[in-house]
Amino acid sequence: MPSRYNTGKAFLFVMKKYIYCALLLSLFVARANAQGSPQPLSRGGSYTILNKSTGDKIKIADVVTFDVVQKTDKDSLLGSSYAAGKPAKLQVKRPEEVTDDIVIPYVMEALPFAALHDSLLVRIPTDTLIKGHEDQRPPFFPKGSYLNLYIKIENVQTLNDARAELMAEIAKAKAAETAGANKYIADNKLILKTTASGLKYKITKIGLKPKPLSGDTVLVNYTGKLLTGKVFDSSVASVAKAAGLDQPGRPYEPLKLTLGDGHVIKGWEEALLLLNEGGKATFIIPSDLAYGEQGSPDGGATIPPFSTLIFDLELVKVTRIKHAAPVTTTAKKHTVTHHTTVKKTN
């Protein structure tokens, strides 16, 4: 448990960050409210260009990085990329090309009227957003109200430039991941086997029963760690308790899964096929076989992007299905007749 001193420092840090973000928001919104005249959007609502620059306008297919503040008509804050510490990034498309979101088409229509370093306000009618779901209307969005997006354009790139930047960032992150994994292996003096996919492992207990096959159902005890040694999940109660994991109501028992159904990371699918029933092993799973460049589904909070993971796995039990007998091919024997030409003699 953290000391009172450390807790106090953490509280002050959070408060300073909150106050800083609040000041940024106030300055941004004050400037936004002070300028511009609304222009209608084809879907309803409007956009207003604020702090207009003289640069080239954003084009379809450009990749735009922007900060955004979401507010109600009564100035209540709903969300902010400033507070999140990460701006949004998207490729500009025609509004009709966006079919998986109801807010983004409004932004897409407004962006081509803006340029690098511009600020704009996009007002979206909430009646349109909740059409067909009026019974779920939130109280902060009364009938006739608007969702207000205050947007600041931070960067504009061509698609090729954005791709090149992304590939460079990925290469740098992968190099750092590899270096970190190698250091972990060296520091812990691990002698490991490596598969073609890059999965590394060490069998710590040899099982006496056969290995499972794809389609079999298995029971698995596991503990997952980051390279820092931090345990982020475990099916073993004593390990979870020692790691200080807060998992209320969670049953600590082997995980049941069917191999090959895609419900676990690729590293697990491959790892479990390497274990004999009753066996145990430590696996070092690169991010390519785990959560990749996105990190865990909670936004990377539990498992950051490009994280090599360490899993201690125990294959507790295998329930086998009937598998088709392996096809064996018997080569046909060919009789080769050697013809010898004998020279006749008179």
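This is a predicted model: local features need pLDDT of at least 70, side-chain atom pairs count only at pLDDT 80 or more; totals for chains, interfaces and linings use all residues.
User: What percentage of the 346 residues in the protein is buried?

Analyst: The protein has seven helices and 14 strands. A residue is called buried under 20% relative accessible area, exposed over 50%, and partly exposed in between, using a 1.4 Å probe and protein chains only. Of the 346 residues, the buried share is 34%.

User: Which strands do the buried residues of α5 pack against?

Analyst: The buried residues in α5 are Ala162, Ile170, Glu177, Ala181, Tyr184 and Ile185. With contact taken as heavy atoms within 4.5 Å, these buried residues of α5 pack against β3, β7 (146–157), β9 (200–205), β10 (217–226), β13 (280–285) and β14 (309–319).

User: Which residues are the closest to the centre of the largest pocket?

Analyst: A pocket is found on a 1 Å grid over the protein atoms alone, as an open set of points where a 1.4 Å probe fits, with protein on both sides within 12 Å along at least five of seven lines, and its lining residues have an atom within 4 Å of a point. Grid points are joined across faces, edges and corners, and a volume is the space filled by probe spheres set on the points. The largest pocket has a volume of about 670 Å³. Among its 19 lining residues, the closest to the centre are Lys86, Lys89, Leu166, Glu169 and Glu293.

User: Which element gives the most to the lining of the largest pocket?

Analyst: By class, this lining has 10 nonpolar, three polar and six charged residues, where Ala, Val, Leu, Ile, Met, Phe, Trp, Tyr, Cys and Pro count as nonpolar, Asp, Glu, Lys and Arg as charged, and the others, Gly among them, as polar. At least two lining residues come from each of β3, β5 (88–91) and α5. The element that gives the most, with seven residues, is α5.

User: Where does the largest share of the lining of the second largest pocket come from?

Analyst: The second largest pocket has a volume of about 320 Å³. It is lined by 17 residues, of which Tyr222, Asp233, Trp268, Tyr291 and Phe311 are the closest to its centre. Both β11 (231–234) and β12 (255–258) supply at least two residues of this lining. The largest share, four residues, comes from β12.

User: Which residue in β11 stands opposite Thr223?

Analyst: Two strands pair if DSSP finds at least two bridges between them, and β10 and β11, which run antiparallel, are joined by three bridges. Their hairpin has four residues between the strands, and Gly229 takes a positive phi near 95° there. Opposite Thr223 stands Ser234.

User: What is the relative accessible area of Asn51, which has a positive phi of about 50°?

Analyst: Most residues other than glycine have a negative phi. Asn51 is not a glycine, yet its phi is positive, at about 50°, and it lies in the loop between β2 (46–50) and β3 (63–71). Asn51 counts as partly exposed because its relative accessible area is 25%.

User: What is the relative accessible area of Asp75?

Analyst: Asp75, another residue other than glycine, has a positive phi near 70°. It is found in the loop between β3 and β4 (77–80). Asp75 is partly exposed because its relative accessible area is 44%.

User: How far apart in space are Gly79 and Val69, C-alpha to C-alpha?

Analyst: Gly79 lies in strand β4 and counts as buried because its relative accessibility is 19%. Leaving out residues up to four places away in sequence, Gly79 touches Val68, Val69 and Gln70. Gly79 and Val69 are 10 residues apart in sequence, and their C-alpha distance in space is 6.0 Å.

Terms used
Residues are numbered from 1 along each chain as its sequence is written. Side-chain values use heavy atoms; hydrogens and water are left out.
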